[in-house]
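Try each task yourself, then follow the worked solution.

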Amino acid sequence: MKINFYIRIFAAVAALCMGLATMAQAVSPVYVIVATTNTSGDHFVSLGNLGAQAPYTNWVTAAATIQAAVDVAVDGEVVLVSNGTYTVVSNVAITKGVTVRSVNGAADTIIDGAGATRCVYMDHAAAVLDGFTVQRGYNPGGFGGGVNVNAGGTVKNCILSGNQARDGGGAALDYGGLLLNCVIASNQAFDGSSTGFGGGVRCLFGGTVRGCLIVDNSSFTYGGGINVWSAGTIENCTVVSNTAPTGAGILTWNNGVVANSILFSNIGDNWGINGVGNSFTNCCAPGAGSLPGSGNITNDPLFVSAAAGNYRLQAGSPCVNAGVNLGWMTGTVELAGCNRIVDTTVDMGAYEFVPAPGGGGYGYTGKPDFTIAAITTEPVLLTPGCAFTATVMVVNYGLAAGDAGVLRLWLDHPAAATNREAGGVQLPVGTMALGGITNIIFTGLTATNATGTFNLRAFVDADNTTTEQSEGNNQSTLTYTFAPGGGGYGYTGKPDFTIA
């Protein structure tokens, strides 16, 4: 399993939808999931904080563990979690209407079961887990290796990877719950002996899986990607490269409702059906003519590069504008952060095809496409005048190798930025393979002593060395605020109001 890879590369690429030292790796595959930066919360968590003090209402007194902050929160409040790997000895339990949200998304914030325990348990209709990697959960005798959602709750913008359970290696949804815009990869349904239900996800008497990429999961018996048992809804999912003896992609056992989904290139049957009440509408799958429902097609979906894990659609894909519009889609985004409906009709699968200027799109042939996947700092929370290191992750999401030129970094940059302006500091990136990842590390940086809101801005191929598939997604910004008197994120004793 490619667990370490999954942890590193599920990074923010919402920019795809908008017009010193180098460590290079050519890693394949590369999956795409949106992540955002969040700064507002009611209770705060900072890994291992020695100054933790309940009720954890600022970064100075932040809880050292996620569970501690959840325990003091009440319905409607937000627990905001800073970067780090939070190894749990028993699952994080969210049994109230609380949102647990990461600051910087799933690439930087990890809940790790260490191969010993389930990672997260949720049991409230208004509970939300937003922006985490959930990995190495272990629950071979029960429900959910990574996450178990019982009778309600939402898991969104998350990566579930390398987990194991009898039912739902990645996630088990029981009597309800929602998985939204998640990547569910390399999980296993196996009780350690003779059975397994839903390597990626298992729905039991309800639950909805929406806008998810479900890839490289396995089940010892039923449903390598998804197992629906006595009701469950699957909408706009891409289910590929999963393995099981029965229903390698998906197995529905009574009242499984599947719409706008791609079930392709699974190792075994792409789909299996048992019982009554199952329906498949506007799906792409081999043998789709035998599926109960309408609007299904059998054509190759024409992914940009399945070998590189790029399951977006090429121009000319039969899945473009081939779905059926549903009520929840208005004003929502898909897995990469693009509008869920770009034209008048939704596409099949987790990703929406977005044409590039001049008529190209994700499938535009023969050019690299460099983007900033993540910007992180060490220390994570900057203070005025502090020395810090910045790491910028660059990914080539195009269809060819190419020279990414130089990466330019500006400190304390104003909010208004111009394209490829002068100044800043820069380091060479060099040639990047298709699907390649390069971490560029800037050392010896010093934060400003001034008061206000500033931007750490990065721009790849800053001198326009190479013609790319898209020239509008080369930059990203990390914003930080310093309070009057020299304080930073952890400034003590005074409020600090800002527009996040």
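**Exercise 1.** Not counting residues up to four places away in sequence, which residues does Asn-148 touch?

*Solution.* Keep in mind that you are looking at a predicted model.
- Step 1: locate the residue. Asn-148 sits in strand S12, which covers residues 147–150.
- Step 2: list the contacts. With residues up to four places away in sequence set aside, Asn-148 touches Arg-118, Val-120, Tyr-121, Met-122, Phe-143, Ala-172 and Asp-174.
- Step 3: look for a polar contact. The side chains of Asn-148 and Arg-118 make one, at 3.4 Å.

**Exercise 2.** Decide for Asn-148, Gln-135 and Thr-195: is each one buried or exposed?

*Solution.* The cut-off you need is that buried means under 20% relative accessible area.
- Step 1: Asn-148 has a relative accessible area of 5%, so this residue is buried.
- Step 2: Gln-135, at 5% relative accessibility, also counts as buried. Gln-135 belongs to strand S10 (residues 133–135), and its side chain is joined to that of Asp-112 by a polar contact of 3.0 Å.
- Step 3: Thr-195 has a relative accessible area of 16%, and therefore it is buried too.
- Step 4: Of the 500 residues in the protein, 59% are buried.

**Exercise 3.** How many residues apart in sequence are Thr-195 and Phe-220, and what is their C-alpha to C-alpha separation in space?

*Solution.* 
- Step 1: find Thr-195 in the loop between strand S19 (188–189) and strand S20 (201–204).
- Step 2: compare the two separations. Thr-195 and Phe-220 are 25 residues apart in sequence, and 5.5 Å apart in space from C-alpha to C-alpha.
- Step 3: check the contacts. Leaving aside neighbours within four places in sequence, Thr-195 is in contact with Arg-166, Ala-189, Phe-190, Phe-220 and Thr-221.
- Step 4: pick out the polar one. The side chain of Thr-195 makes a polar contact of 3.3 Å with the side chain of Thr-221.

**Exercise 4.** Which members of the largest nonpolar core touch the most other members?

*Solution.* 
- Step 1: recall the background. In soluble globular proteins, nonpolar side chains tend to be buried together.
- Step 2: The largest nonpolar core has 52 residues, and Ile-66, Val-100, Leu-129, Leu-179 and Val-209 touch the most other members.
- Step 3: see which elements contribute. Those giving two or more residues to this core include helix H2 (66–72), strand S8 (120–122), S12 and S20. H2 gives the largest share, three residues.
- Step 4: look beyond this core. Another core of 23 residues lies apart from it, with Phe-370, Phe-388, Val-429 and Leu-478 among its members.

Definitions and conventions: Residues are numbered from 1 along each chain as its sequence is written. This is a predicted model: local features need pLDDT of at least 70, side-chain atom pairs count only at pLDDT 80 or more; totals for chains, interfaces and linings use all residues. Side-chain values use heavy atoms; hydrogens and water are left out. Helices (H or I, at least four residues) and strands (E, at least two) are DSSP runs, numbered from the N terminus. Buried means under 20% relative accessible area, exposed over 50%, partly exposed in between (1.4 Å probe, protein chains only). A polar contact is a pair of N or O atoms within 3.5 Å; within protein, one must be able to donate a hydrogen and the other to accept it, and residues adjacent in sequence count only if both atoms are side-chain atoms. Contact means heavy atoms within 4.5 Å. A nonpolar core is a set of buried Ala, Val, Leu, Ile, Met, Phe, Trp, Tyr and Cys residues joined through side-chain atoms within 4.5 Å.
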